[in-house]
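Here is a short briefing on a predicted model.

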Amino acid sequence: MGKDVIVACDFASKEETLAFLDRFEGLSRKPFVKIGMELYYAEGPSIVREIKARGHKIFLDLKLHDIPNQVMKAMKVLSNLDIDMTNVHAAGTMPMMEAAIKGLTREDGTRPMLIAVTQLTSTGEEIMKRDLLIAESMENTVMHYAKNAKSAGLDGVVCSPIEAEKVHKTCGSEFVTVTPGVRFADGDKGDQVRVMTPEQAKLIGSDYIVVGRPITAAEDPVAAYERCVREFIDR
Ligand code: C5P
């Protein structure tokens with residue numbers, strides 16, 4: 001599995017994003033970039049093309065969740081964008097995830113990686129029980145969603161680093177885990193509650209870590225990125 005550090009470019013505009021990425025020009029390793037809803041809705045597909053043209057891999061984090069036919073059509077559009085990874089909500093059910101795969105697969109049979117969001121890390125077990133009427137534990141729910149995603153043909157899931165090990169045990173080591181909630185041992189947690197260092201995420205077998213503020217808000221973002229790579233990949 002291609003272990004990598006994905007930098008969450010949670011910026012509001014193209015100017016801010018490109019100015020940030022300019023700092024990484026000249027590095028031998030081009031950061032894998034995550035584009036989220038805010039930036040995509042503000043700038044549209046052109047921001048994807050522009051970042052791709054600079055040689056970055058792209059995770060387009062739009063978390064689709066709609067009726068299967070709509071998701072299939074939306075994924076067909078995204079398949080033309082030359083992205084490397086995108087996602088859906090596993091809560092959209094297996095028919096929706098199967099439709100997503102169908103839409104994302106290009107005529108030549110290739111497609112970007114497709115992963116599923118299990119339960120958002122902002123949803124605690126109590127709220128899941130109260131608002132969603134899911135009586136199972138968080139762990140059982142996440143594992144069930146991961147198994148559904150695997151059966152539907154997806155490549156992996158987004159999950160908290162704490163769940164990554166169990167997901168691999170349940171769905172196999174080839175099933176990819178993408179884990180946000182990463183902080184340096186000496187860093188600020190911000191609003192993330194369940195966090196791990198890049199080194200711990202490596203030890204428990206995360207395939208990709210998604211890192212936002214520890215890199216984007218660092219005094220020296222390039223040094224912070226290189227530290228993540230050192231701790232997560234090189235050591
Ligand atoms: O700044 P920070 O490192 O907390 O950013 C984490 C990134 O991962 C953000 O872009 C956030 O949207 C994303 N994410 C998350 N938890 C999830 C799914 C995505 O923090 N469950």
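**Helix pair α4 and α5**

Helix α4 (residues 68-79) and helix α5 (residues 94-104) have axes that come within 7 Å and cross at roughly 30°. Angles under 35 degrees count as roughly parallel, and α4 and α5 are therefore roughly parallel to each other.

- The crossing of α4 past α5 is right-handed.
- On the α4 side, the contacts involve Pro-68, Val-71, Met-72, Met-75, Lys-76 and Ser-79.
- On the α5 side, they involve Pro-95, Met-96, Ala-99, Ala-100, Lys-102, Gly-103 and Leu-104.

**Barrel**

- Eight strands form a closed barrel in the order β1-β2-β3-β4-β5-β6-β7-β8, and the pairing is parallel.
- From one strand to the next, the twist averages 25°.
- Strand β1 (residues 4-8) and strand β8 (residues 208-211) run parallel and are joined by four bridges.
- Val-5 has Ile-209 in β8 as its bridge partner.
- Strands of a sheet pair through backbone hydrogen bonds, either parallel or antiparallel.

**Cysteines**

- A disulfide is a covalent bond between the sulfur atoms of two cysteines.
- The model has zero disulfides.
- Cys-9 counts as buried, at 1% relative accessibility.
- Cys-228 is also buried, with a relative accessible area of 1%.

Technical notes: Residues numbered from 1 in each chain as written. Predicted model: local features only at pLDDT ≥ 70, side-chain atom pairs only at ≥ 80, totals over all residues. Heavy atoms only, no water. Pairing = 2+ DSSP bridges. Helix = DSSP H or I, 4+ residues; strand = E, 2+ residues; numbered from the N terminus. Axes fitted to C-alpha atoms, helices over the stretch in contact; angles between N-to-C directions. Disulfide = S-S within 2.5 Å. Buried < 20%, exposed > 50% of the residue type's maximum accessible area, 1.4 Å probe, protein only. Parallel < 35°, antiparallel > 145°, perpendicular 65-115°, else oblique. Left-handed = near helix turned anticlockwise from the far one by under 90°. Contact = heavy atoms within 4.5 Å.
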